[in-house]
Amino acid sequence: MIDLRSDTVTKPSKEMRNVMVNAEVGDDVYREDPTANRLQKYCAELFGKEDALFVPSGVMGNQLCLNVLTQPGDEIICDKNAHIFLYESGSPAMLSGLSMNLIDGQNGVITPAEVETLIRPISAYYMPRTKVIEVENTHNVAGGVVHPIENIKALKTLADKHRLKMHLDGARLWNASVATGISVAEYSAYFDTVSVCLSKGLGSPVGSIILGEKEMIEEAFRVRKGWGGGMRQIGILAAAGLYAIENNFSRLSEDHKNAKELAENIAKMESVEIDTLLVQTNILMFKPRTMSVEEVIVKSKEKGLLLGHGGVGVVRAVTHMDVTDKDIEKAVLILSQVLN
Ligand SMILES: Cc1ncc(COP(=O)(O)O)c(C=O)c1O
């Protein structure tokens, strides 16, 4: 089976498993896990932030960041298709008492002008209090689209003007960085908190990292424990994370090349609608014109290709390190049989 459902399906390589087996460990609730401490220090330096914390998942990372930036009753402004809104089980409300004010962004990009219209006046004590602007980079539902750095800078200027905080859901910030050549530190400089995943394109089995000022990460450490996220000998997982960043970060360009290759071949098929300009990283979305999404998924699976749902009428395919150039050739062949 060629599995293009998500970049989360990657399995740890033999080399990654080796470093996991041999990792030095200790009790992380006592902050005594040397490998977790090493990963956190390494990430803080890489992202140019004061401190970092290993967390079990991207959802927990985002939600911890939102929690430490806000008070119950506060409001977050973000794109209507943001992962924190659509796919995190209502956690902003469930865990932190937050409401969301949504923008109908253009491929996940929200402009300062749009954001400014939603900021509540400070004098309006009877309204929710606007507290955070959230950006997702790359944007999942938009199909791995990179958020332009100039727009991020403008959002930061707006946030400063209104004394708002900025949070970055950088689950796939690694991909944005490889696609643009802009470092993860440069992207992170405009945000108070950043969450990045180790278990997507980088191929780690578990884990995310959150980053921010020391005081915020200290508070997130406390809240993580309260949410049941205090872990013990996590060096085994942290070792995989370190290995993933050191060995699998720059190779993401191969996934991007494969996604482009796949997209360009799909674009030649008449029964499909695809915007290849939006295929900027490792995700591609396409609309079958004559079949339902379900039919495309079932028929492709029968021929050995796994695809995912990308929203109403949209099929999603994601390239990753367990997919080779040859697999992409096969995927093109299967899709040409299914779709033509
Ligand atoms: C943009 C984005 N943010 C956050 C997450 C959550 O990550 P996790 O599945 O590790 O909780 C995902 C997962 O797909 C994602 O795509």
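I began with the pair α13 and α14, whose crossing is right-handed, keeping in mind that I am working from a predicted model. I looked up the geometry of this pair and noted that the axes of α13 (residues 293–302) and α14 (residues 325–339) come within 10 Å and cross at roughly 130°. That angle makes α13 oblique to α14, since the range for roughly antiparallel begins over 145 degrees.

I then listed the residues that meet there: Val296, Lys299 and Ser300 on the α13 side, and Ile334, Leu335, Val338 and Leu339 on the α14 side. Sorted by class, I have 5 nonpolar, 1 polar and 1 charged residues in this contact.

Next I turned to the sheet, which I recorded as open, with 7 strands in the order β2-β8-β7-β6-β5-β3-β4 and mixed pairing. Because β2 (51–55) and β4 (99–103) each have a single partner strand, they stand at the edges, and one side of each is left without a neighbour in the sheet. From one strand to the next I noted an average twist of 20°. I followed the pairing of β3 (residues 74–79) with β4, which is parallel and runs over 5 bridges, and found Glu75 opposite Ser99 of β4. Helix α3 packs on this sheet, touching β2, β3, β5, β6, β7 and β8, and its direction makes about 175° with that of β7.

Among the residues around the ligand I wrote down Ser57, His83, Glu136, Asp169, Cys197 and Ser208. The shell divides into 3 nonpolar, 7 polar and 2 charged residues.

Conventions
Residues numbered from 1 in each chain as written. Predicted model: local features only at pLDDT ≥ 70, side-chain atom pairs only at ≥ 80, totals over all residues. Axes fitted to C-alpha atoms, helices over the stretch in contact; angles between N-to-C directions. Helix = DSSP H or I, 4+ residues; strand = E, 2+ residues; numbered from the N terminus. Parallel < 35°, antiparallel > 145°, perpendicular 65-115°, else oblique. Left-handed = near helix turned anticlockwise from the far one by under 90°. Contact = placed C-beta atoms within 7 Å. Nonpolar A, V, L, I, M, F, W, Y, C, P; charged D, E, K, R; others polar. Near = placed C-beta within 6 Å. Pairing = 2+ DSSP bridges.
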